[in-house]
Amino acid sequence: MKNKWDTHIKPYMKEIESWAQQGVPQKEIAAKLGISYTTFRKYIKTDEKLEGLLKRGKVKAGIKVERALATRDAKPRVRTVPAPTEIPLKKTGGKRPDQNGTHRKQFERNKKKIYATQTVCAICGKPVDFSIPYPHPLSACIDHIIPVSKGGHPSDINNMQLAHMTCNRQKSDKLIDDSRRRSNMNVEEVVSNRLLPHTLDWRNFNKQTD
């Protein structure tokens, strides 16, 4: 029956020498070979070839280190002047300030106020059913009148309005002149800041509000 010398060490003498030259400790070499460090040490003491191989590898590793140090010291040292530092931006994991940042608490407070005082979607003009759970398309959510990506305030209640989730997603980050639309259509302010033809029949809207 073959012992571990025949199965774990002898076939890998070149690899052992290479690891030794790279400066790999004997414990790690034993682990790479799949044997215990104690067993590996026993074979080192009893086999001159293995012992000499490890010693040669260790010497070569030392020579490589010395050459690397000599090369490093021979290079001219250039003093580097650090570039002006900028104030680091707070990382938010890619989320907006109203979702994960300094405006989070204020946003949640104003969200509760809007849910308690508003009942109509500011985008499509239809009632919002608060019993419909998220993430149903008709569930309630908060829409930023001026999108945060366009410079709108993340948590100011004057920039927040009630909306259906589907309406909010369809509106996305687009803007429209509310005053111009209201003056032309003569509708109440509760109607949205964006025209959504797929939600309302805007051609007949004036007739419906007369």
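The buried residues of helix α6 pack against strands β1 and β2. Buried here means under 20% relative accessible area, exposed over 50%, and partly exposed in between, with a 1.4 Å probe and protein chains only. Helices (H or I, at least four residues) and strands (E, at least two) are DSSP runs, numbered from the N terminus.

This is a predicted model, in which local features need pLDDT of at least 70 and side-chain atom pairs count only at pLDDT 80 or more, while totals for chains, interfaces and linings use all residues. Residues are numbered from 1 along each chain as its sequence is written, and side-chain values use heavy atoms, leaving out hydrogens and water.

**Helix α6.** This helix covers residues 104–117. Its 14 residues reach 20 Å from first C-alpha to last, close to the 20 Å expected at 1.5 Å a residue. That expected span is 1.5 Å times one less than the number of residues. Phe-107, Asn-110 and Ile-114 are buried in α6. They sit on the same side of the helix because they cover an arc of only 75° around the axis. The arc is taken from the directions from the helix axis to the C-beta atoms. Lys-105, Lys-112 and Ala-116 are exposed, on the face turned away from the buried side.

**The strands.** β1 and β2 run antiparallel, joined by five bridges. Two strands pair if DSSP finds at least two bridges between them. Ile-142 stands opposite Leu-162 in β2. In β1, five of five residues are buried. One side carries Ala-140, Ile-142 and His-144; the other carries Cys-141 and Asp-143. In a regular strand the side chains alternate between the two faces of the sheet.

**Asn-159.** This residue lies in the loop between β1 and β2. Asn-159 is buried, with a relative accessible area of 8%. A polar atom of its side chain lies 3.0 Å from the backbone oxygen of His-153. Beyond four places in sequence, Asn-159 touches residues including Asp-143, His-144 and Gly-152. Contact means heavy atoms within 4.5 Å.

**Confidence.** pLDDT is the predictor's confidence in each residue, from 0 to 100. The protein's mean is 76, and 66% of its residues reach 70 or more.

| Region | pLDDT |
|---|---|
| Strand β2 (residues 160–164) | mean 94, highest |
| Helix α8 (residues 178–185) | mean 45, lowest |
| Residues 81–92 | under 50 |
| Residues 179–198 | below 50 |

Residues 81–92 have one contact beyond four places in sequence. Residues 179–198 have 50 contacts beyond near neighbours in sequence. Where pLDDT is low, the predicted coordinates should not be read in detail.

Key:
Polar contact = N/O pair within 3.5 Å; in protein donor to acceptor, adjacent residues only side chain to side chain.
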